[in-house]
Amino acid sequence: MKGIAMNDPKLNKFIVFYQIPASVMSDWAKTDPNTRKSAEEKMKAEWQKWMSDHAKLVTVTEACGKTKRIAAGGISDTKNDICLYSFIKAESHEAAAKAFENHPHLQIPQSSIEVMAVRAM
């Protein structure tokens with residue numbers, strides 16, 4: 001992705017979902033605080049390096065919070081596996097997905113990353 005201008009009209013837009021099962025997050029919260037802190041600092045450094053290396057790809061990354069489900073029957077609290085999302089621009093869906101093959105997020109047990117094309121309505 002190096003050398004690609006983010007305002008290039010030939011680039012396609014994608015949304016990226018970083019997912020971790022709720023059970024994994026719950027188990028992680030029970031981990032010894034010193035062990036957790038060390039692992040989180042290592043992960044943070046690796047994320048920062050990945051983000052720096054892919055700065056021309058990523059337009060925004062933000063954390064997700066509590067979730068509400070809206071259905072014909074009403075509104076309710078719910079949970080899903082999405083913990084973060086990014087908007088990115090890439091030449092193709094394949095190129096976008098390939099950029100995440102060795103992402104630090106994938107070190108988390110049972111984690112995954114999904115890359116979905118975004119189209120104008």
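Student: How many salt bridges does the count come to here?
Tutor: Six salt bridges. Keep in mind that this is a predicted model.

Student: OK, which residue does Lys37 meet in a salt bridge?
Tutor: Glu41, with 3.9 Å from N to O. Lys37 and Glu41 sit four residues apart in helix α2, so about one helical turn separates them.

Student: What does Lys42 pair with?
Tutor: Glu46, and their closest N and O atoms are 2.7 Å apart. Both residues are in helix α2, again four residues apart, or about one turn of the helix. Lys42 is partly exposed at 47% relative accessibility, and Glu46 is partly exposed at 25%.

Student: Which residue forms a salt bridge with Lys49?
Tutor: Asp53, at 2.7 Å from N to O. Lys49 counts as exposed because its relative accessibility is 52%, while Asp53, with 35%, is partly exposed.

Student: Why would side chains like that pair at all?
Tutor: Opposite charges can pair when the charged atoms come close.

Student: Switching to pockets. What volume does the largest pocket have?
Tutor: About 560 Å³. Its lining has 18 residues, and Ile20, Trp28, Glu40, Met43 and Ile108 lie nearest the centre.

Student: Which element gives the largest share of that lining?
Tutor: That's α2, with six residues. Helix α1 (22-29), α2 (33-53) and strand β5 (82-90) each supply at least two residues.

Student: What's the split by class in that largest pocket?
Tutor: The lining has 11 nonpolar residues, three polar and four charged.

Student: How about the second largest pocket, what's its volume?
Tutor: About 390 Å³. This pocket is lined by 15 residues, with Gly65, Lys66, Lys79, Asn80 and Ile82 nearest its centre. Two or more lining residues come from each of α1, β4 (74-78) and β5.

Student: And how does the lining of the second largest pocket divide by class?
Tutor: Seven nonpolar, four polar and four charged residues.

Student: New topic: which residue has a positive phi although it is not a glycine?
Tutor: Gln110, with a phi of about 65°. You'll find Gln110 in the loop between α3 (93-98) and β6 (112-117).

Student: Is Gln110 buried or exposed?
Tutor: Gln110 counts as exposed, because its relative accessibility is 60% and the cut-off for exposed is over 50%.

Notes
Residues are numbered from 1 along each chain as its sequence is written. This is a predicted model: local features need pLDDT of at least 70, side-chain atom pairs count only at pLDDT 80 or more; totals for chains, interfaces and linings use all residues. Side-chain values use heavy atoms; hydrogens and water are left out. On a 1 Å grid over the protein atoms alone, a cavity is a set of points where a 1.4 Å probe fits but cannot get out, and a pocket is an open set with protein on both sides within 12 Å along at least five of seven lines; lining residues have an atom within 4 Å of a point. Grid points are joined across faces, edges and corners, and a volume is the space filled by probe spheres set on the points. Ala, Val, Leu, Ile, Met, Phe, Trp, Tyr, Cys and Pro count as nonpolar, Asp, Glu, Lys and Arg as charged, and the others, Gly among them, as polar. Buried means under 20% relative accessible area, exposed over 50%, partly exposed in between (1.4 Å probe, protein chains only). A salt bridge is a side-chain nitrogen of Lys or Arg within 4 Å of a carboxyl oxygen of Asp or Glu.
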